[in-house]
Structures are given as C-alpha cells and as structure tokens.
Amino acid sequence: MFNYIVRRLLQAVPLLFLASVVIYSLVALQPGDPLDDIIRENPRLTQEQIAQLRRAHGLDQPIYVRYFRWLGRAVRGDLGRSRTRGVPAFDFIFRDRLPNTLILTVISLVIALAVAIPVGVYSAVRQYSKLDYLVTFMAFVGFSTPVFFLGIMLLYLFVVLLPESFGLPRFPVTGFPGISWADVQTGRITALGFFGQWAWHLILPVFTLSAISMASWTRFMRSSFLEVINQDYIRTARSKGLGEQKVRYKHALRNSLIPIVTLVGLSLPSLFNGAVITETIFSYPGMGRAIIDSLTRKDYNVAMTALLFLAVLTVLSNLLADIVYGLVDPRIRYN
Amino acid sequence: MRKVIGFLLVSVLTSLAWAGPGDNSLIVATSQEPPVVMGDFLNILNNQAIKAEMQVYLFTGIYRVDIGGNNVPGVVTEVATEENGRLRFEDIGDGEQRLEIDLTLRDDVYWSDGTPITTDDVAFYFEVGKAPGMPTLAPDYWERIDLAVQDDRNFTVTFEPAQYVDLIGAPISYAPAHVMREEWDETLAAVEALDLETEADRVEELYRGFFSEFASPSAINAGRMVYSGAFQIDRWNTGSSLVMSRNPNFFNHPENQDAYAQRVEYQFIEDTNSLLVAVIGGAVDATSAVGITFDAAISPQVARRAEGRFNLWFVPTAIWEHLDINKFENVQTVADLGLADIRTRQAILHALDRQGLVDELFDGLQPVSHTWVNPQHPFYYEDVPQYEHNPERARELLAEMGWEPGADGILEREVDGRTVRFELEFVTTAGAAPRERAQQFMADDLRQVGIDVNINNAPSGVVFSGEYFSRAYEGSWTGMFMFAWISSFQESGDLWACDFIPTPENNFTGQNIGNWCNEEFDAIREQALITFDLEQVAQDFEELQTIWANELPALPLYFRSTPYAVRQGLVNYVANTYVNGNGYPPVEPELVGWSQNGAEMVYDQADYALEFD
C-alpha cells in the first residue's frame, strides 16, 4: 500500500507539471495583457515608457521565459503577489477565500444530504402517494430552476416582498457577514453574536446552493431505495419475519446509499471550486469569484495559485478514491 | 435552548441596525469592492473608479475640485494664481516655459491620528513617485515635476517644460510620511540591491508589496493607515462592507456636525440584480457612481417604488461614447469605402438619428455629443458645427462620391474597375447591452441610406487588446468601432495628435487609433499646451473643436449618464461631471446628512442632473 501511494504521488509530479504548463499558457494567452487598460488611459505614454512598464510587469519576455521564472519561484514556495491587491497570492487564496468557500459549500452539502436522504426514502416508501407526487414535483422544480433565478427570487422575496407586505425582518442582501473568529478573540463581538451573524447571512445562499443538489439527490435516493427494496434479499428478509422497520432502515437503506455516496464523492472537489453564481448573487467572497476575478483582471499569480490548487486537489482526490475502493472492496489489490 | 435561540435572534435583529436617518448614518451600495484603498497613493496596484470615489471621504487633496469644476483649496491656504503671486513662469527657450507654484499648507490640518500634515508628507509623496523603477501610470508627469521645500508649511512645485494641464487640478499630492517612511526605506534598500533593467519585475513587486502594507484590507483593519478626509475607516469587512466614521481631526467639519451623517458604510453588492433588490427593498440609502446600471435605473420595478421614497438622478459623466473610424487607406476595405474621405464620415453622421437613439433607448437621459469635449468642461465650444439627422443630405454626400443604390438598395460604386458594395464593419464590445442596442439602432439608420452593416462584436478583452485595438493599420478592424473615451478634466486634445497614431514605425503606440492627422489642429494643440492663460486656451479649443467637427475623425454619439438612487431626506449627496476631479459624489463629504436630523441642503442634485419621471 505504501509503495503504491508513493508511486502514485511520484506519477503525479509530471502530471502537475503538465497541468501547470497548460494552465499558465491558457491564462497568459488570453487576449490582451494587464497593461492594455493602463496604456489606453494615458494617451501620452511614449514607446519607451510603455517598454519600461512592460519590463516592470515582466511582460517583455516570451511566455516560456515567464513560465519558467514563475515555476522557479513556485517550487521554492513563492507564488508571487496579487497584481491588483499587492498581497501574496497564497495568502489571498488560502487565508482569505478558501475558508469562506468551505463554510458555504460544506454547510450546503450537509443540509442537502440531511434533507435529500430522508425525503427520498419517505417518497419511495410512500410510492405514488400524494406526498410522493409532491416531492417529485418539487424535485423537478428544484433541478430545473437556474441558480441565478432562484437566488434573485429569494432575495426579492425576503428583502423586498415579505418585509414590505408583512413587516418581516429584512434578510441581508449579502451572504457574507464580514466577520471572523478574530473579532470574537478581540472582543468586538460575542461568540453567539458571531454565529448568529453568520447564520443570518448564510440562510439564503445556503438554501440556494443546496436546493439544486437536494432536488437531484432526493430523486436518486428515491429510485435507489426503490431498486433495493425490490431485491430478493429484502424479500427473503421479510419472509424470515424481520420487522418492516428493520428491513427498511437496516438492510435497504444502507445498500441504497451506495450510489449516493458515489455521487457525493464526485461532488467533493466542487466544495473547493466555489460556486460562482451563488457567490456573485450574494456577494460572497469565495474561491469561485476569486478565480473569475483573477482571470478577468489578468491577475496571473492569483489565477495560477487557485487553478493549480484545484489541479492538485483533483490528483489527490483520484488517489484517495482509488485507496478507498481498495478498502471497500477486498478484491482490489495494489500492485 | 430557548435562551440561546433568543440570544441568536437578538443578535440577528441588532445586525439589521436601523440605518439612515435613524442612526444618522449613510449606507451606499456599490457593485465593486476595491482591492485596496488609501495606501496605494500612486495607483500602482489599482486605479478603479470605486477606489477614487471612496477616497473622496478619506483624503483631502492639496486642492479640491468644486461642483462647478473649479480648483479650490484643500489642505493649502489658497489656490496659486498669478494674481496672488504664487504662480511664476520663466521662458526656457523653444517657446517653452518653466512653471513654479508656491503653496502653503494650512496650519490646522492633521492626519486622523493627530499628527500635523507637513511638507514632509509632500516630500515623501514626491520621493516615492520619483523612485527608481517606480511603474507610475503617468511617467511624463514625473519627468517634468520637481519639488523644493522651504519649511514645514511652504513648498514650491516646478514643472519643466510646463503645460497648461499643470494648472488644472492639484499640482502634487502628499502621503503620511510618519507612518510609511520606515517601510519605504526598507523597500528602497531592497530595490537598490536589484538591477533595474534585468530585474524590473522584482522591483515592481517590491513596490507593490510596499503599497499593500498600507492599503490592503488587513493593513487597514490593523490601523496602519491614517486619513486626512472628513471620515476615517473603522472597519473593512472584506467581501461585505467598509465602514467609516467622522475623522475627529479633520479641519473642516461643519459647526453643527452632529446634524450631519456620522457614519458612512459602503456595501459591496457585486451582482447588479441583487443591488437592485437592495435599492428597491430600502436596504441602502444611496447608490455609488459604480452602482445600478442604467437599464436597471430606468426599469419599471425601480420607477414604481421610487415615488415618495427615493429620487433617481442621472448625472452626465465625462464618458464619451463615439464611433472611431478606420482611416488607414493602406487597408483595402477602408480605401474601397472611402472612409478617409471627410464626406463619407459626414454622411454617416447625418444618417444617424442620435437624438432619436438616446430618446428611444435611454429616455433622453444621456445627452447627445457634438465633440469629444464634455459640455461641462470649461473648454467646451457651444457653437461647434453640428450634424442633424438628415438622411437626404447623407445620400447626397455619398452620391458625390459615386455611390449609387444597387438592386437591393445597398450602395455600390466602381473602384479600380471593381464594383464595391458599401458594407461597413461595425465593432463594439460584446455583452454590453446598451451598446449592442445602440448598434442595432444605428445599423438600421445606416441601411436607410444604403449602407449595409456587418456587425462583428467581440468581448472587451479582445477588442481592447493591443493586438486588435491599436492595429487598425493592419486591418484588425476595418470600419467603425464603438467604444468610450473619458473626456478628461485635464483635456489636452492628445487623443487626436499626429504623433499618437499607432503604426509599425512607433511600434503601434498611441491612442489616435483611427489615423487622423491635421497639421493645423496639431499646431494649435501644441501651442495651447504651452499657453497658461486659460481663457486663451479655451479660445484655442474653440478652433480645435471646429476643425475636429468639420473633419470628424470620429463620430460623436453621446455622453453617458450615471444613475444614482438617493433616499429622500438625504442631502448634499451630490455629483457632477467633474466634481472632485472625477465626478464622484459627494461634493463635500462632511456635509452629507439627513434633513430630518437638521442637515442643511447646500447643494441640490437637481441643479446638476436629469431626473427620471
């Protein structure tokens, strides 16, 4: 096992190198460069002055030279500074943005699962009941509603319509409270106030993000449960006199969860990607917006750091999946 | 458990802090969050509009630009003029002059930490701007400027050779030496150990690091920066809001300052639809210059809710939408269509119903332009030749050039034995809905006179890249290109200078991208540049605009207006085209407040804006 993991990690090195070449090339080959706007805004810039600006921004060199310069520094742990923020790109991604993204995506994932599994099972158990039809209808509404539409409609409902019509408290327009645990430590806010603020701001974006997964996972759970409940071994269990509750929730439920586990596993990398649309609608400063902003503003160091992190994550999650398969299925041997 | 839930509920409800007149605060919504503010005083890291707007509250310049676009003293005792003996000119030959400007800092100006603002701060700003390898955005300015400090209060700024633009706005700025000096000395020492030529990118990175130490959210929240404006930053909640409170050491608070807003909060709501919800839901008191879109502002959803709650103002800006025309005759299409011929451009402009366009698409709230100079600018010439919508005249002009309608109504003519159809490429930024709608409108107008339009839009990243934008010579675009220039407060006519035509000889440098060179225009422009009697310069600009309008190197369309939603009762939250130099509100931040709380209206937005019915 150890040798297998070491070998896979060594194999990942050229893969990541290749990924970094491709990512850097794609980022650098975008039309235009960071100086286009600056040059356009000052008609008085001379050729020499523009050349000096290009040198200062490292844009006077061909792409491959710039890449190897970047690589040389990156392998020493220096990922450069953000062009537009001045702060180290590493700090911006891993200190400022990734934790925010994980808060939003993990809570959304947990809530989606917490709702989808019991509702899916209930819907299967009460197949063709009114409730089943209702769940099916809601699920179809859920996964056919675009995220941007749902987000805006929720905002309109909870920021404009309900407060105006019924005098309810107005929900915050932004999904991010702008506070950190450091504020609790410095006494700026109490711990309960901290959690209260976060919860209050996160309600709408979390609902928006989880609604879509909730809808599809409910359907998956329902069909998976229905498939399992009609298997021979379930019938055998029943014929042996096992109680219906035990049959459903001990035998059927566990087996029907396997496809859901696969689905959830596949969605794990997306926890780190961020959710661009939800983040944008609710002005939530996460990874998705960081990546898009860095690309549109041609902030190469930030874009490279974020995208390469996602590449590393993909490689590692593949490795993890292979290891877990082995643990789950004893027929798989590492060699 | 109930107690915990109750506490959480109270926490939540207190977070809904009663905004606006209730707590004498102002909440401004903006769709952009600046990555940095204040410490990046040379705009090396960022020069976004929102950064400049927020700094109106936080920093008082050497001069301020008032609501009428005039220089007024900021932290200095008076604006330098020849009458008060603070402006001196000296002939340095070749018709050029040296300009010396004597200035005196007020003796009651302080940074927010109570440290006096002195000439050391001016000298520090100067030293950083002049530092080796500093990638400033305006190197020509730094090449011409010099500074002499007499004492703590008095200093002299010298420009050599001087230009009249040196008299528009403040000649120099300042930065807090007492908080930034130590870090700067370390940065400079590190820079001096590097080779400026071969390690220019490392030098630039060191400078960026220096500025971010005083401009990033963490630096601001750590209290590393000080302020000289009416407000200071209390807290920057990145991704959410930036909160300012009154700067206790500001020299110019109104006497009854408690009647005015004590707290200003910028809320960052990136998605324009969400921002619209915040406005109509009453979650904010006003929108920033970088706030709601024009389309959103004139939407029925907003208009329906505006009555009795907030005013919608449309303030004309210096952003000038126009059609640039490729006039490089080495490009076959340009030569075939005769785009370098003045008559063609005049015909196209006669064919366009610009007033109809702004009435139809923008409810008449974006004024039609007749020249590149903004009507609010002191150099604007009111009697500049204008081209009314006259399709018949357009057809006549085109007929003079040999164009005749073909079988399908599209104009044709013989060129070098070939039959050429008048098919005109029309480029603009894809995804910019107002431009694309205007483009369709104009394409229809042009078809009425027999000009077929070939729309060829691309994302802004593509059309504004150097390989496209500046390469009309190579035919990267061959017809009309719709985009905007800023009609600068420091207007110099450089956009149309013969020296700034991008060609292979100058490695495609310059903004005169369509290739227009008029020697008379150039001579007047160059002479005006070294004339320091601004009335004379204004007269020169009359001539410049007349020549320009006669020859139409570009086709003027309209000046964009910025929409503002302002809650009723909020006073002095007023913008104008050139107020504060860039047009961003408020004209005097210390006077923003609520009439309900006794704030007195000094400036009325109605005097400077169009109101939406």
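**Salt bridges, helix packing and a nonpolar surface patch**

Glu244(A) is classed as partly exposed because its relative accessibility is 30%. In this predicted model, the side chain of Glu244(A) meets that of Arg238(A) in a salt bridge, with an N to O distance of 2.9 Å. Arg238(A) likewise counts as partly exposed, at 34% relative accessibility.

Over all chains, the structure contains 51 salt bridges. In chain B, one of these links Asp23(B) to Arg263(B), whose closest N and O atoms are 4.0 Å apart. Asp23(B) is located in the loop between α1 (2–14) and β1 (25–30) of chain B, whereas Arg263(B) belongs to strand β10 (residues 263–268) of chain B, so this pair ties together parts that lie 240 residues apart in sequence. Asp23(B) is partly exposed at 33% relative accessibility, and Arg263(B) is partly exposed at 26%. Salt bridges with shared partners also join residues of chains A and B into one network, made up of Arg73(A), Asp78(A), Arg202(B), Glu204(B), Glu205(B) and Arg208(B).

Helix packing was examined in each of the two chains. In chain A, helix α9 (residues 191–229) and helix α11 (residues 244–273) have axes that come within 9 Å and cross at roughly 140°. α9(A) and α11(A) are therefore oblique to each other, and the crossing in which α9(A) passes α11(A) is right-handed. In chain B, the axes of helix α3 (residues 119–129) and helix α5 (residues 177–192) are 11 Å apart, and these helices pack at an angle of about 30°. Because angles under 35 degrees count as roughly parallel, α3(B) and α5(B) are assigned to that class. Their crossing is left-handed.

A nonpolar patch is found on the surface of chain A, formed by Tyr122(A), Leu131(A), Leu134(A), Phe137(A), Met138(A) and Val141(A). Together, these residues present about 570 Å² of accessible area. Helix α6 (residues 130–144) of chain A supplies the largest share of the patch, with five residues. Leu131(A) lies in this helix, α6 of chain A, and is classed as partly exposed because its relative accessibility is 37%.

Definitions and conventions:
Residues numbered from 1 in each chain as written. Chains lettered and ligands numbered in written order. Predicted model: local features only at pLDDT ≥ 70, side-chain atom pairs only at ≥ 80, totals over all residues. Heavy atoms only, no water. Patch = residues over 30% accessible without salt bridge, like charges linked within 9 Å, V, L, I, M, F, W, Y side chains within 5 Å. Areas by Shrake-Rupley, 256 points an atom, 1.4 Å probe, with all protein chains shown as cover. Helix = DSSP H or I, 4+ residues; strand = E, 2+ residues; numbered from the N terminus. Buried < 20%, exposed > 50% of the residue type's maximum accessible area, 1.4 Å probe, protein only. Axes fitted to C-alpha atoms, helices over the stretch in contact; angles between N-to-C directions. Parallel < 35°, antiparallel > 145°, perpendicular 65-115°, else oblique. Left-handed = near helix turned anticlockwise from the far one by under 90°.
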